[in-house]
Amino acid sequence: MSISNAAAFAASLDAQLAELDLSARLRLVAGLEGRAVFTTSLGIEDQVITAAIGWNGLPVEVSTLETGRLFKETVDLIAETEERFGISIKRFYPKPDDIDAYAAKYGLNGFYESVEARHACCHVRKLVPLAEALSGARFWVTGLRRSQSGNRASTPFAEYDAERDLIKVNPLADWSIDDVNAYVEAESVPTNPLHKRGYPSIGCEPCTRAIKPGEPERAGRWWWENDEKRECGLHVPEAATSLVPTPA
Ligand code: SF4
């Protein structure tokens with residue numbers, strides 16, 4: 001499919017998804033031709049999507065990036081989630097040689113020292129495993145929501161990701177955090193206990209802190225970097241993150 005055809009297909013899919021509820025959105029994507037991969041960080045939004053996939057028995061692969069720096073609570077939740085929904089979550093790990101090369105150049109925790117070093121760590125621990133997880137996929141399902149941050153405010157339900165040459169699907173794009181909490185409560189979805197300790201957004205342990213009352217949801221991610229567009233490169237082009245002096 002050409003880029004313009006893929007973009008037009010994504011726009012059409014976006015319009016269809018806007019009219020549906022969560023289960024119907026996922027069912028629609030799962031029924032289309034081509035492999036669909038959902039990447040979960042085990043965050044509360046992702047748990048909602050995992051529940052909908054598991055309970056509906058949808059043919060969507062569920063994968064996670066096991067960076068090697070996750071909280072114990074997150075690692076424990078992977079197994080609990082598999083058990084609860086009767087699914088298998090595929091783990092993707094960084095390559096040992098990449099970690100060794102990173103540590104030799106920057107130090108194991110060198111990500112605190114510069115934006116470049118932080119992006120380099122996210123590259124080897126997240127982006128390389130993500131590329132492996134998405135290899136051959138036609139659809140990439142994510143838990144992005146518009147209200148998570150200013151950087152995500154225009155998240156569509158579906159868009160063509162030219163960098164990865166696939167259709168990115170965000171079935172919770174229009175959900176608020178209250179919607180997410182209400183679903184989790186009503187359906188008794190297992191969640192990371194850190195959420196109740198002030199961590200609305202949870203990434204790697206050394207790069208995530210609890211937020212203070214009134215702070216944006218993602219303020220605890222890479223908190224030492226003074227830029228509201230902080231991202232790890234999973235959901236913005238990696239070239240863009242490397243050009244932003246105080247990270248994306
Ligand atoms: S979030 Fe922190 S520890 Fe995790 S990959 Fe990025 S820089 Fe490395």
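Biologist: What should I know before reading the model?

Modeller: Residues are numbered from 1 along each chain as its sequence is written. Because the model is predicted, local features need pLDDT of at least 70 and side-chain atom pairs count only at pLDDT 80 or more, while totals for chains, interfaces and linings use all residues.

Biologist: Which residues touch the most other members of the largest nonpolar core?

Modeller: In soluble globular proteins, nonpolar side chains tend to be buried together. A nonpolar core here is a set of buried Ala, Val, Leu, Ile, Met, Phe, Trp, Tyr and Cys residues joined through C-beta atoms within 7 Å. The largest one has 36 residues, and Val48, Phe139, Trp140, Val141, Ile167 and Val169 touch the most other members. Its largest share, six residues, comes from helix α3 (residues 44–56), a helix being a DSSP run (H or I, at least four residues) numbered from the N terminus. A second, separate core of nine residues includes Cys122 and Cys204.

Biologist: Is Cys204 buried or exposed?

Modeller: A residue is buried if 20 or more other C-beta atoms, placed from the backbone, lie within 10 Å of its own, exposed if 12 or fewer, and partly exposed in between. Cys204 counts as buried because it has 22 C-beta neighbours inside 10 Å, and Cys122 is buried with 25.

Biologist: Which residues does the "binding site" annotation cover?

Modeller: The unreviewed UniProt entry lists Cys121, Cys122, Cys204 and Cys207 under that name, although such annotations may be inferred rather than shown by experiment. They are spread over 87 residues of sequence, yet cluster in space, with a largest C-alpha distance of 11.0 Å.

Notes. Helices (H or I, at least four residues) and strands (E, at least two) are DSSP runs, numbered from the N terminus.
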